[in-house]
Amino acid sequence: METTETKHGGVELHLDVHHLLEHIQIKLIMFLAFFSSVSHSAQSPAIFIFGDSLIDNGNNNYLPSIARANYFPYGIDLGVPTGRFCDGLTVTDYGARWLGLPFPPPYLSLQSLSTKILRGVNYASAAAGILDETGRHYGSRISFNRQILLFEKTVKFQLPILIADPNALAQFIANSLFIINIGSNDYINNYLLPQYYTSSKTYSPEGFANLLITAFTRQLASLYQLGVRKMLIVGVGPLGCIPSQLSMNNSTDGECIKRVNDIVMAFNSRFFPMLPSLNSSLPGAFFVYQNIYDRFIDLIQNPSDYGFTVKNQACCGSGRYGGELSCLPLQVPCAARNQYIFWDSFHPSQAANAIIAARCYSPSATDCYPISGRQLAQI
């Protein structure tokens, strides 16, 4: 396995890519053959979303949690706070727009017989992680395991009311696009908080990454058993570059914290090479990986190339880099929001989200492997 260190201590995914993509291309041919036998649709009818605050669009509004974004100035560019941890839209919102689908509603907002689930559901929850204990200091949240249980309820009890034919229901699930963005909180709200969690005292970065990957692989297999076939997995971003970590680690020059990025890459550099084995062990499934890490590093290293002027300061936050306290109720944010990469202490701005989404879901996408999110939705 070949790796190359970046300026900020990350690892570019030169992971014997030729051999890896050759293997995945073979699996893609098999996958296309599978879908030609079960599907008459060339476009995913729905998007189902699992993850954390990066793509939560309102589930935590219904939970007793301090991890909420249901107040101004969150949503300022939408005209109303929705529960999104952003000034506007998330990456998956833009992804849905690129695919011509509506934004999937938060699961906890739905009535039990809602027909909206036929276009998809968002199960993501702020502070959630791969591990159940992650984010517990924020109060209630829907861990990835619990999100899968909610989806199981959707499959077994809610969707059959709307799609009575079991074969049609199986085709609907197999054709739908599943986006999974989870893992960041297992670091910033677990491993990197030794005052609240013992994980960093129990595991080395490599051992913790192995723990996460073991659990994550089992969770993906659970989704597969529920009929899921098209899965887009988002890697963990360079958490050493977010304002909260710059503040917490007393960055003197605003540069990313190499130690934190190295810890995160222990996960990414292990997961990406596992794609062939996942595809092999789960017949008919096809996994696409979104390399968000390298894109975000490039945003920070070359902000002007993307139209940004501020690369390490939160648009809404307090303290150094706006990272000591995240965006507070009625706090006045920066005026030129589209020039900031970060909206608050932890999350990208709407402008950054639009760029990240375009690099995976647009016709010219470059950051998803081995095919784009758009292509995955269309097969």
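User: Leaving aside its neighbours within four places in sequence, which residues is isoleucine 180 in contact with?

Analyst: In this predicted model, and with those sequence neighbours set aside, isoleucine 180 is in contact with Phe50, Phe144, Phe216, Leu220, Leu223, Met231, Leu232, Ile233 and Val234.

User: And which residues have the most contacts inside the largest nonpolar core?

Analyst: That core has 103 residues, and those with the most contacts inside it are Phe151, Ile180, Tyr187, Phe216, Met231, Phe267 and Phe271. Helix 7, which covers residues 205-225, gives the most to this core, with nine residues. There is also a second, separate core of 13 residues, which includes Ala126, Ala127, Tyr340 and Trp343.

User: Switching topic, how do helix 3 and helix 4 pack?

Analyst: Helix 3 (residues 144-162) and helix 4 (residues 166-175) pack at an angle of about 140°, with their axes 11 Å apart, and that angle makes helix 3 oblique to helix 4. The crossing in which helix 3 passes helix 4 is right-handed.

User: Which residues make the contact there?

Analyst: Phe151, Val155, Leu159 and Pro160 contribute from helix 3, while Leu169, Phe172 and Ile173 contribute from helix 4. By type, the residues of this contact divide into seven nonpolar, no polar and no charged.

User: Last one: is serine 372 buried or exposed?

Analyst: Serine 372 has a relative accessible area of 7%, so it is buried, given that buried means under 20%.

User: Where does serine 372 lie?

Analyst: Serine 372 lies in the loop between strand 12 (368-369) and helix 13 (373-378), and, leaving aside its neighbours within four places in sequence, serine 372 is in contact with Cys360 and Ala365.

Notes. Residues numbered from 1 in each chain as written. Predicted model: local features only at pLDDT ≥ 70, side-chain atom pairs only at ≥ 80, totals over all residues. Heavy atoms only, no water. Core = buried A, V, L, I, M, F, W, Y, C linked by side-chain atoms within 4.5 Å. Buried < 20%, exposed > 50% of the residue type's maximum accessible area, 1.4 Å probe, protein only. Helix = DSSP H or I, 4+ residues; strand = E, 2+ residues; numbered from the N terminus. Contact = heavy atoms within 4.5 Å. Axes fitted to C-alpha atoms, helices over the stretch in contact; angles between N-to-C directions. Parallel < 35°, antiparallel > 145°, perpendicular 65-115°, else oblique. Left-handed = near helix turned anticlockwise from the far one by under 90°. Nonpolar A, V, L, I, M, F, W, Y, C, P; charged D, E, K, R; others polar.
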